[in-house]
There are 4 protein chains.
Amino acid sequence: MLIVMRHGATEEQIKNVAEFIENKGFAAHVSNGELHTVIGAVGGKVIDPRDIELLDGVKEVIKISSSYKLCSRMFQPNDTVLEVNGIKFGGEHAGVIAGPCTIESMEQMEAVASKLSSYGVKILRGGAFKPRTSPYAFQGLGEEGLKIIRKVADKYSMAVTSEVMEISQIPLFEKYVDIFQVGARNMQNFNLLKELGHVQKPVMIKRGLSATIEEWLMSAEYVMSGGNREVILCERGIRTFERATRNTLDLCAIPVVKKLSHLPIIIDPSHGTGLRDKVAPMSKAAVAAGTDGLMIEVHDCPECALCDGAQSLYPEQFNELYKTLKLIAPIIGKEIR
Amino acid sequence: MLIVMRHGATEEQIKNVAEFIENKGFAAHVSNGELHTVIGAVGGKVIDPRDIELLDGVKEVIKISSSYKLCSRMFQPNDTVLEVNGIKFGGEHAGVIAGPCTIESMEQMEAVASKLSSYGVKILRGGAFKPRTSPYAFQGLGEEGLKIIRKVADKYSMAVTSEVMEISQIPLFEKYVDIFQVGARNMQNFNLLKELGHVQKPVMIKRGLSATIEEWLMSAEYVMSGGNREVILCERGIRTFERATRNTLDLCAIPVVKKLSHLPIIIDPSHGTGLRDKVAPMSKAAVAAGTDGLMIEVHDCPECALCDGAQSLYPEQFNELYKTLKLIAPIIGKEIR
Amino acid sequence: MLIVMRHGATEEQIKNVAEFIENKGFAAHVSNGELHTVIGAVGGKVIDPRDIELLDGVKEVIKISSSYKLCSRMFQPNDTVLEVNGIKFGGEHAGVIAGPCTIESMEQMEAVASKLSSYGVKILRGGAFKPRTSPYAFQGLGEEGLKIIRKVADKYSMAVTSEVMEISQIPLFEKYVDIFQVGARNMQNFNLLKELGHVQKPVMIKRGLSATIEEWLMSAEYVMSGGNREVILCERGIRTFERATRNTLDLCAIPVVKKLSHLPIIIDPSHGTGLRDKVAPMSKAAVAAGTDGLMIEVHDCPECALCDGAQSLYPEQFNELYKTLKLIAPIIGKEIR
Amino acid sequence: MLIVMRHGATEEQIKNVAEFIENKGFAAHVSNGELHTVIGAVGGKVIDPRDIELLDGVKEVIKISSSYKLCSRMFQPNDTVLEVNGIKFGGEHAGVIAGPCTIESMEQMEAVASKLSSYGVKILRGGAFKPRTSPYAFQGLGEEGLKIIRKVADKYSMAVTSEVMEISQIPLFEKYVDIFQVGARNMQNFNLLKELGHVQKPVMIKRGLSATIEEWLMSAEYVMSGGNREVILCERGIRTFERATRNTLDLCAIPVVKKLSHLPIIIDPSHGTGLRDKVAPMSKAAVAAGTDGLMIEVHDCPECALCDGAQSLYPEQFNELYKTLKLIAPIIGKEIR
């Protein structure tokens, strides 16, 4: 942390600031510049820079080190590569996850999974507990849904991912899923993240609708600081003023995250755009930008889906897209599966 | 819901759309306009408009009724007035809540509460469980904190509000607080909201950082649909591109909410601005705009606060502000206490 | 500017950076911290910090001084108070400007101005050239409009403000208006701003829809650097994701601007909310927050207005609001006229 | 336009609304639904929906037709393909424009153009008049710069594009450039757009920092309504709360624009990200998403560039990227040159 004193700050003010940060456990290094005296604060714990900004004579306080450690490239320079059911996320690998927004019935999951499996997809998605904006909307099948997706996935040798909404649901999910998914609205449910730090399976953290990339990495840090190093980041669109799409998919998050962190980042073009005909172009774009994976909504009958059918692909559409992605990935030195 | 067909849509397409919505439980009313046929969908349950937009021949789908019911003016035309420890929120009344961001110790709470009480404040705030962006930051005293705030509040005949972060914490909070606070990051923690629908005490819901007012009202609806009609809405700033303030305090939410809903709305200028010297002007502005209350952070020693000291007022600053607010409120026909 | 070197940066890298900035005209002051070497760059001209960030070994570049000078409190600590037709903006004074969005006819201006004048309003607004999003919308009366507003204003001893859209219109406006208005969409029309730096009358600069406060002050700097020190800043709402209002009126811009700059800041609640019933609460809020003025749209027949009638007050509504504002202002130590 | 009356609106209210819109030149078609009476307004001119919303008994007013006509797919279903110096934009063609941010000297343009030309680039960019946020930053070489870029381009048989900032500059630009560029800050400089409607050369309109896609298309409409049908849209990033990148590049604008409009859309990844190492991934992503072109900043010595060097590629970097783009484009059925 650097504390820039105002031009003309008195000796007394400089001394006060130095003492203040020393009392907070930092070492203070004073350098006298021509215009400004700058105090470097080294060591110490987390401190709110605004507390120092309010001291007399202080012009500005500048954070140098990012607050995330375990997920940063400083801590681990090489890409983390996670493997689930033979599918790899990270490094030179991109993995594909597909399935319906919501688990509706055994028949529906069977219909989708049989097709996805025949295309080569190895990880099945489907929501059992749905976070719906309205209390009057369909809230998911609950445990019954988890049983269905597990049974169908086992039949086709697929892995399972589904969204966990509550600490109390973790033991239940342990039995049924291979990847714990944390929804955008729970990205800063810190208690949940802490608990997922003790889980022995990968955790996928969706970016919140208005979360900065730094905050998102801090959420990964919550999980990692609990001991679980298997974290996947999932960009799914941020909220902006643009109304033509449901959200604005921030594909530049791919190179940004890959520079700051060793963790894999995947893209959810279905929620990221909210519209079926935008899913294919954004999936291709994500692969070309170097994504470590994609999570795509597929439904065998989108027009009868109970939730988000409008952003789900038909199985055949998905398959055609999947083939195209396999052509694009090698061009940028990646393999997608 | 109104479904606008494209200019030139065929009879068959119109019939298909009508059947589609009838299958979803709606009655279809077809009106042939000069340019566009419009189909009104009446009754029925929640449906995703995008599902209809994807049908052939459909130009646009328009939602007419808002999805919230219990919190709307349609359901209850008169202002809800909530009373806690003699302080009223709503109608011609505005209430003040004050206290530190975080409960740090008995001495700290005693120091703040004794002063606030002497100024006439009747509701004390203080966080026991703190949702911190970083896992390495101070996370609150937990139950110990709740015991402290309750003891101090009782001594000065004050009521207590504190943020509940988890369903599992509800029984604990029942013992200590008079108003359950739901933080901005939990505004769409729907499971938590549902559980709070069964609580017998008022629930204050802070607006999420990127929540629209409609979504915020839907969160209130979650609580109300569980049976608890005592909901207070609290605006605390939204995230924008502006960097001079921590958040952008949306004071226009006051008249907007008051037009749509009968629920009281209060303002948190401390989080809404993040800077002590902005708290007073924004508090005065909120009262002039007709707020039903204010929640203001006050600390007896902001520079030694463990959290958010930079946005906390000194007790004397608060008292001076409090007096000014009492002069402004009557001008717009309100009483503030 | 401070250049923070990475932990472990080599002597060579530090030397290279120092040389680079010296070549750009800065003096380099190197301080060795425990973790990071910091290089202070003093003097020199405008430089893009990203150019330095790309040099080997550089961790971060931090701008210390703001780029605006003439409009900052550093340059002039005391409030600038501008006076137009006896109305003062700034310091302990707040001025009111009122009138229709657009000049439609002599009859309309006469009807509005006679009423406003009888209430005591001394500055009349009205658009002659209208920047409309659609090329098919009414574009204003042009010079004819300017003639009308001038004639009516003279009759009632009022001053005139109107929006100038083009450098080529400046000589025309010189003849008719007392305050040049720069619209939100032209806030970064730098050529126009430069030309207005040579004008002998006050210039009111509206904040752009997505402009930061710092950029807005830079636009004021453009005018001031041309020699014209009479600049008024006008906040009129920023664009956010919220859809209940046309824009989000950022009232916290009032205390933020007043801390950074000596220039007067006024509020336009009509464009800032876009809805008539939100104009009064936001006007009161602005005064309570310490605004140096208000610009309010008033039309004698809003439902027949050619433009923005929905956000215009009826004359009687305005007068009632005006009276209320005069009660609020003294409470915060201001006089409003 | 559809006007939805409130449940329980009186016959009188319905009649009033019908008369109101008939007076504005619309035909009114009343349909009585079970819950709501809906009035269709057909024909008529541009009207502000809020004017109707304020009438008694009106619940909501819904715009059906978009206000842009000439640039919509309704008006022209097939892709517009523009050709400049043998390079095509639109349909199955994507074109590449490259060059430095700013024209600095003959030597610099010569160095860049000779390399770009050897790679096969046919259109050279370079700014002569620079819209800089600060009045103290380098403002461009002006006409001298235009002469330089024209001379160098002619030598290498290249076309030229440069940003025009002012109506008065149009005759000058006519002499030197092949594509008129309108900067993001001028996207709603309607007078300039109107004048460019009379020019005989293509006009490239950059999206404003906070412009919706609809507004951007309206700006294209301004040019087209003046008679000039050769418009290219250029996405260059929108302003969001994210701070890791200069702007958020909205690649989903590609499929959105291509659905609504027949005009070509190109991407500027240099301004869209602001960082050199993000330019390549975003360029590849744009091509995979179906862009009709790219405009990329290239400088032979980015670290000595007078402006935006941090986002400029080295010529060799550009060439490597260019080759990769030529591999991606055919996969999605496009040719890039």
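This is a predicted model: local features need pLDDT of at least 70, side-chain atom pairs count only at pLDDT 80 or more; totals for chains, interfaces and linings use all residues.
View 1. In general, a rotation about an axis and a shift along it relate two copies of a chain.

**View 2. The contact between chain D and chain A.** Chain D contributes 35 residues to the contact, and chain A contributes 35 residues. On the side of chain D that touches chain A, two or more residues come from each of helix 8 (253-260), helix 10 (276-288) and helix 11 (315-328) of chain D. Helix 10 of chain D gives the largest share of that side, 9 residues. By residue class, the side of chain D that touches chain A comprises 21 nonpolar, 8 polar and 6 charged residues. Because 100% of the interface residues of chain D are also interface residues in chain A, the copies meet through the same surface.

**View 3. The contact between chain B and chain C.** Here 35 residues are taken from chain B and 35 residues from chain C. Helix 8 (253-260), helix 10 (276-288) and helix 11 (315-328) of chain B each provide at least two residues of the side that touches chain C. With 9 residues, helix 10 of chain B supplies the largest share of this side. The side of chain B that touches chain C consists of 21 nonpolar, 8 polar and 6 charged residues.

Note on methods
Residues are numbered from 1 along each chain as its sequence is written. Chains are lettered from A and ligands numbered from 1 in the order in which they are written. Two residues are in contact if their C-beta atoms, placed from the backbone, lie within 7 Å. Helices (H or I, at least four residues) and strands (E, at least two) are DSSP runs, numbered from the N terminus. Ala, Val, Leu, Ile, Met, Phe, Trp, Tyr, Cys and Pro count as nonpolar, Asp, Glu, Lys and Arg as charged, and the others, Gly among them, as polar.
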